[in-house]
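This briefing reviews the fold and the side-chain contacts of a single structure. Please examine the sequence and coordinates before reading on.

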Amino acid sequence: MSEEAPAEERIEKALQKLSRDAQSGGYHLNPDREFTKDLIAGLLVNEDRYGYWACPCRLASGKKEEDLDIICPCDYRDPDLGAFHMCYCALYVSEKVIRKEVVLEGSIPERRPPGGKRDKQIPGGALLPGKLAYPVWRCKVCGYLCAREEPPETCPVCKVKKERFERFL
Ligand code: SF4
């Protein structure tokens, strides 16, 4: 495995792909291009090191099954976008940041539970209403469902705004 810094061309290619994916999913990359490219370089270093896109702002274990929740985009991106207008690394930001209605300040709290608590999370243990980790929201236009603290700013499927979502569970 190489520990060399990723080449500019590779970073640029990854940036283009992430931008397209973000746009098609109703997400937004941080408009600070150099900052965003630095984070992407970190993702590519982790790809070379571990074989997957471990979050560049967190310490990965190097064991994929233990790091699944922090493979970018991590499990914590959407709730952090809803609560703080940015993901933990600030690679993704909310539409309000893009529209300059919100200014990002400093860092946000780490949402990822410590290792011991993560180990106790039971996969599939959140199937019953009332036991869900997050409420489930339904897009009233296309039926898209997502489990998170708040509905997304934009439906990733049909692109309608947050107000067209209803609480489903
Ligand atoms: S915090 Fe941001 S950059 Fe890190 S894994 Fe999550 S979405 Fe990706």
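The points below are grouped by topic, from the overall fold to individual side-chain pairs.

This is a predicted model, in which local features need pLDDT of at least 70 and side-chain atom pairs count only at pLDDT 80 or more, whereas totals for chains, interfaces and linings use all residues. Residues are numbered from 1 along each chain as its sequence is written, and side-chain values use heavy atoms, with hydrogens and water left out.

**Fold and surface**

- The chain contains six helices and five strands; helices (H or I, at least four residues) and strands (E, at least two) are DSSP runs numbered from the N terminus.
- In sequence order, these elements follow the pattern α-β-α-α-α-β-α-α-β-β-β.
- Of the 169 residues in the chain, 40% are buried; buried means under 20% relative accessible area, exposed over 50%, and partly exposed in between, with a 1.4 Å probe and protein chains only.
- The accessible surface of the chain is about 10,100 Å², and carbon and sulfur atoms account for 54% of it; such areas come from the Shrake-Rupley method with a 1.4 Å probe, and for residues only the protein chains shown count as cover.
- Among contacts (heavy atoms within 4.5 Å) between residues at least 6 apart in sequence, 46% join residues at least 24 apart.

**Disulfide and cysteines**

- The structure holds one disulfide, defined as a pair of cysteine sulfur atoms within 2.5 Å.
- This disulfide joins C57 to C89, with an S to S distance of 2.1 Å.
- C57 lies in the loop between α2 (33-50) and α3 (64-67), and C89 in the loop between α4 (77-84) and β2 (92-93), so the bond links distant parts of the chain, 32 residues apart.
- C57 is partly exposed, at a relative accessible area of 34%, while C89 is buried, at 10%.
- Two further cysteines are buried: C55 has a relative accessible area of 5%, and C87 has 7%.

**Salt bridges**

- The structure holds 19 salt bridges; each is a side-chain nitrogen of Lys or Arg within 4 Å of a carboxyl oxygen of Asp or Glu.
- R58 forms a salt bridge with E110, and their closest N and O atoms are 2.7 Å apart.
- Because R58 lies in the loop between α2 and α3, and E110 in the loop between α5 (95-98) and α6 (115-119), the pair ties together parts that are 52 residues apart in sequence.
- R58 counts as buried, at 9% relative accessibility, and E110 as partly exposed, at 35%.
- R148 forms a salt bridge with D78, with the closest N and O atoms 3.2 Å apart.
- This pair links distant parts of the chain, as R148 is in the loop between β4 and β5 and D78 is in helix α4, 70 residues apart.
- R148 is buried, with a relative accessible area of 6%, and D78 also counts as buried, at 17% relative accessibility.
- R138 and E166 meet through their side chains in a salt bridge of 2.9 Å, N to O.
- R138 belongs to strand β3 and E166 to strand β5, and the pair links these distant parts of the chain, 28 residues apart.
- R138 is partly exposed, with a relative accessible area of 26%, and E166 is partly exposed, with 31%.

**Aromatic rings**

- The structure has three aromatic pairs; rings of Phe, Tyr and Trp (its six-membered ring) pair if their centres lie within 6.5 Å, and planes under 30 degrees apart count as stacked, over 60 as edge-to-face and the rest as tilted.
- One of the pairs is formed by Y144 and F165, which are edge-to-face at 6.4 Å centre to centre, with 90° between the planes.
- Y144 sits in the loop between β3 (136-139) and β4 (145-147), and F165 in strand β5 (residues 165-167); the pair links these distant parts of the chain, 21 residues apart.
- Y144 is partly exposed, with a relative accessible area of 23%, whereas F165 is buried, with 7%.

**Charge over aromatic faces**

- R77 lies over the face of Y27, at 3.6 Å from the ring centre; a charge sits over a ring if NZ of Lys or CZ of Arg is within 6 Å of the ring centre and within 35 degrees of the ring normal.
- R77 also lies over the face of Y92, at 4.7 Å from the ring centre.
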